[in-house]
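Dear colleague,

Please find the structure below, with my notes on a few parts of it after that.

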Amino acid sequence: MNFQFGVDYYPEHWPEDRWETDARLMAEMGLKVVRLAEFAWNKLEPAQGRFDFAWLDRAIGTLAARGLKAVLGTPSASPPAWLIAAHPEILPVDSEGRTRGFGGRHHDCQSNPTYRSHVARIVTALADHYGRDTRVVGWQTDNELGNSHDDLCHCRHCKKSFQDWLEKRHGDIGTLNRNWGTVFWSQTYDSFSQVPTPMLTLTAHSPSLLLDWKRFHSDLIVNFQQVQIDLLRARTHGQFITHNFMGFHDLIDYYNLAAPLDFVSHDQYPVGFWENPPYRSPAVLASALDLMASLKEKAFWIMEQQAGPTGWQILARTPRPGQLVLWAAQSIAHGADTVVFFRWRSCTVGTEQFWHGILPHNGVPGRRYDELKGFVGAMAPLMPRFEGALSGAEVAVVHSYEQNWAFEIQPHHPELDYVKSAQDVHAAFHDRNIPAAFVSDRADLSAYKLVVAPLVFLDLPGVSERLKAFVNAGGHLVLTARTGVKSQSNVCLTENALPGPYGELLGIDILDYDCLRGVTVPVAVGGETGQGRFWWDVVTLRGAKALAAGGTGDHEGEPAATSHQFGRGQATYWATLPDEVLMGALIDRAVADARVSSLGASDAGVELVRRRAAEGDFLFALNHSAETRTHVPGPGWRAVAGGATLPPYGYNVFFRPKEVSGVIE
Ligand code: GLA
Ligand code: GLA
């Protein structure tokens, strides 16, 4: 169920006599869908049990009269003041034992049974009222689950839920003690009721406790959503359920959060005022979109696409003319079937007064409206042709939430970051215009020629077997330093030398290592010299051959990268974490060995992205630079939007029928 373009709208922020003007302007712009009500709990239920849906009925009616369908958000992210006043125990408790106050949003504990019962009441009432309304096409659960909940919650309900979760995972307290190694520092527990949540302590908690806490927290939020999904599924008819994800947000295992949804949605803000610099590179933007496509291996929606300058207390720069369109085109190029812009009109009240919408504060259409209207007119007719299509990537980068959590707990090197490492690998493919998917470590890898799995630190059930089977069947696998180090309980493995269960596959042993604090190791490969960073494994070859070695310095002559034939495939090891130059040279080598193809060369700042549809391939050329560029994709391609010239921040789309591409027989 796709609508190409839509907008996030808050009719409750504006006088009702303005709604018709808004609906008309939306329709004139070519929008087809509107997300509503995800923070409107107090307007929908001004006092406990007293529901008022009349205003929302009228808003939905005004929009429907202009051909606009509605997506309703469940309002659980903004529990009203009357609810908190009646039940202050709903407020969350942080790791320093402080109760966080009412205000802002997300001021709730997601395990609290009272809060959950009130959420169930409002969701049930909404679903009963709108579940068969054909003007409502779907639902968004909550809003950006995990947002603002990072350090929360340590209340007595969360503690009890954590203890119950541990009992389910470990069985009995003796097993937990063994799994975690609580003999260390006299932390042995007699019963689950003694196990703490990781409150502020004098020194660091056990890494095993911390990893299970992060798993618990993820499962808690997945369960919080599931309760809402169950209520909605039982009461709705022909309406989808989705949720708006936040790219590489780390609190929840997004593969689990995505599983029960019909499709995922994502909030794409290329310029976030809170970041320094407040700007994300095209490669980083692409990585978030490709992660979204990977969560269900399915096309997705953008539920919030940046539509103006961003800001709360401070602001980021105003997107240059063309940039809002370019970023929306990038979202579509990477697999978005519907793009909903955030928000319709810049709000005059509240925390987000400077998080601008399509319309300025005064509501008069201006530059942003005109630019986006032009884009919708050009792109919407094309979109059904590649609906559902993804890139057809031959390359995958493994992204595992549990591995990331383990590195958040013990980063090793202060600059080593799991997500950044995965994004760096993805960026190397992106720079070469090679489509690269992300995959979970539980995914079927058989569709890929080349898989890079950075930092497979924990030996999680089934993963080494899956990776070995992939190579055995002819796949090319790249593993990196800090692989095969720990068990799933986050304790060090002892059965084999490092890299633990991967030694035989890789044909190496690692008997020593060096955390590269304050140094890098030069490595020459493919005519270039890059640097190994953060970590260096001292590799002993046991059947593998060295692809490159450390240059002058402490690790001179030691293998920096190795390659090993295993079954019908090839397993490569990077004994360090490469900088951009070294990464590029190693990726070039892997791409050549695995015979992976690129979408072609492009001018500086021009990103090439493919959607492989049934009728043929659509190629997007996206000019992220402020200069005019050109892109001519070669024989068989014809332009379906734009032409060879790419103005600053411009985009063009080309099409090649499948008989010509010869890829789909
Ligand atoms: C101190 C403590 C030891 C150990 C080491 C290493 O010396 O006395 O128990 O913690 O530091 O951290
Ligand atoms: C997120 C939220 C929105 C809004 C925007 C801008 O994406 O989902 O409700 O707060 O950020 O801050």
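Two strands are taken to pair if DSSP finds at least two bridges between them. Please keep in mind that this is a predicted model.

By that criterion, strand S26 (residues 638-641) pairs with S28 in the antiparallel sense, over three bridges. Ala641 stands opposite Val653 of S28. Strand S24 (residues 616-623) also pairs with S28, again antiparallel, and here there are seven bridges. Gly616 has Pro657 in S28 as its bridge partner. S28 itself spans residues 651-657, and six of its seven residues are buried.

Next, helix H1 (residues 19-29). Its buried residues are Trp19, Asp22, Ala23, Leu25, Met26 and Met29. They lie on the same side of H1, because the arc they cover around the axis is only 165°. The buried residues of H1 pack against strands S1 (4-8) and S2 (33-36) and against helices H3 (54-64) and H12 (367-379). After H1 comes Gly30, with a positive phi near 95°.

Last, ligand 2. The residues around ligand 2 include Phe39, Asn143, Asp267, Tyr269, Trp312 and Trp355. Arg105 places a polar side-chain atom 2.8 Å from an oxygen atom of the ligand. For Glu304, the distance from a polar side-chain atom to a ligand 2 oxygen is 2.4 Å. A side-chain N or O atom of Glu352 is 2.4 Å from an oxygen atom of ligand 2. On its own, ligand 2 has 300 Å² of accessible area, and the protein covers 95% of it.

Regards

Methods: Residues are numbered from 1 along each chain as its sequence is written. Chains are lettered from A and ligands numbered from 1 in the order in which they are written. This is a predicted model: local features need pLDDT of at least 70, side-chain atom pairs count only at pLDDT 80 or more; totals for chains, interfaces and linings use all residues. Side-chain values use heavy atoms; hydrogens and water are left out. Buried means under 20% relative accessible area, exposed over 50%, partly exposed in between (1.4 Å probe, protein chains only). Helices (H or I, at least four residues) and strands (E, at least two) are DSSP runs, numbered from the N terminus. The arc is that of the directions from the helix axis to the C-beta atoms. Contact means heavy atoms within 4.5 Å. A residue is near a molecule or strand if one of its heavy atoms lies within 4 Å of it. A polar contact is a pair of N or O atoms within 3.5 Å; within protein, one must be able to donate a hydrogen and the other to accept it, and residues adjacent in sequence count only if both atoms are side-chain atoms. Accessible areas come from the Shrake-Rupley method with a 1.4 Å probe; for residues, only the protein chains shown count as cover.
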